[in-house]
There are 2 protein chains.
Amino acid sequence: MKSARIGLIAAALAAVLAVPFVLADGSGEKGNSAETHAAAASPIYGVTIPDGYRQWQLIAPAVEGAPLNEIRAVLGNDIAIKAYTEGTLPFPDGTILTKLAWKHVQSPEFEPASIPGDATTVQFMVKDSVKYKDSGGWGFGRFVNGQPVDEMQHQTCLGCHQARVKDHDLVFTRWAR
Amino acid sequence: MKSARIGLIAAALAAVLAVPFVLADGSGEKGNSAETHAAAASPIYGVTIPDGYRQWQLIAPAVEGAPLNEIRAVLGNDIAIKAYTEGTLPFPDGTILTKLAWKHVQSPEFEPASIPGDATTVQFMVKDSVKYKDSGGWGFGRFVNGQPVDEMQHQTCLGCHQARVKDHDLVFTRWAR
């Protein structure tokens with residue numbers, strides 16, 4: 001009987017947890033180009049696109065000016081959000097951050113506003129202090145249309161993060177409160 | 001026995017659904033100024049700040065230029081996200097959208113980037129086709145530090161939305177895909 005109950009609970013949990021992923025399959029306004037392609041792994045780090053990342057909680061938006069001219073949003077998985085909540089540094093193993101980026105374009109409906117245009121890149125930072133012990137515990141992955149960009153681009157990630165945000169466990173984004 | 005099973009399932013569901021709200025109580029980087037004050041209701045519409053809105057899914061980021069100079073993120077409750085997913089227009093009753101706004105400031109760590117500074121306003125649109133039948137089905141609420149702004153500011157919401165986004169059920173924000 002006990003196992004039957006556990007089974008029921010597991011089924012209920014699975015049903016609830018599955019909701020965001022089911023929604024991602026809809027054909028409405030939703031969907032990200034990175035989710036429409038089978039994912040390969042990033043060079044150097046072997047990072048792949050995690051399921052359901054577009055449904056993760058927002059950490060903060062950002063803008064990157066010329067020459068990229070992008071508007072961005074950084075989201076985190078549950079482990080990331082818990083770490084931000086509790087002010088945990090370094091981020092624990094299992095933390096995944098994603099940065100969604102779009103061209104930053106004028107709103108056609110409201111002159112003072114600018115909004116996301118076409119998606120450009122989707123990037124991930126994955127914390128694994130063993131697997132990525134030679135890169136501060138972080139693996140990096142940058143994807144365009146669901147496919148990782150080349151090794152040369154991935155060689156630039158770590159040096160910039162190490163040079164600029166060493167005191168925040170190599171993570172630029174702070175919680176937008 | 002059946003009721004006991006249902007009770008277990010309900011408990012499991014409640015435990016899962018409660019997670020984001022528990023996290024909002026943390027003392028780390030997280031927290032939004034609107035969540036730290038008891039909420040009053042907006043003038044005209046009687047909209048109050050819904051629990052847990054900071055944990056809702058991202059619809060899209062945006063920027064508003066001078067004179068406000070804000071960076072923003074629009075989030076939606078589950079009904080809103082489902083409507084975007086399925087391309088449902090008009091949005092169904094129960095839809096709530098929130099726009100979080102911060103001063104848009106230079107990143108101190110990366111020259112091309114700009115990021116959220118201090119929070120400015122938190123705004124809500126609540127769909128209730130009966131209660132708000134005289135305003136296109138939408139109630140509006142604009143809050144600063146958890147308190148609604150004055151009636152004059154709330155008088156400006158509807159006219160602007162009606163003039164500019166009548167073909168999208170008075171909602172500016174599209175899904176950032």
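Predicted model: local features only at pLDDT ≥ 70, side-chain atom pairs only at ≥ 80, totals over all residues.
The phi angle of B:Asn145 is near 50°. This is a positive value, and the residue is not a glycine.

Is B:Asn145 buried or exposed? There are 12 other C-beta atoms within 10 Å, so B:Asn145 counts as exposed. The cut-off for that class is 12 or fewer.

## The loop holding B:Asn69

Another asparagine of chain B, B:Asn69, is found in the loop between strand S1 (57–64) and strand S2 (70–76). Phi of B:Asn69 is near 50°, again a positive value in a residue other than glycine.

B:Asn69 has 15 C-beta neighbours inside 10 Å and is therefore classed as partly exposed. That class lies between the limit for exposed, 12 or fewer, and the limit for buried, 20 or more.

Which peptide bond of chain A is cis, with omega near -5°? The bond runs from A:Leu89 to A:Pro90. A:Pro90 sits in the loop between helix H2 (78–86) and strand S3 (96–106) of chain A.

In chain B, the peptide bond from B:Leu89 to B:Pro90 is cis, with omega near -5°. The loop that contains B:Pro90 is found between helix H2 (78–86) and strand S3 (96–106) of chain B.

Definitions and conventions: Residues numbered from 1 in each chain as written. Chains lettered and ligands numbered in written order. Helix = DSSP H or I, 4+ residues; strand = E, 2+ residues; numbered from the N terminus.
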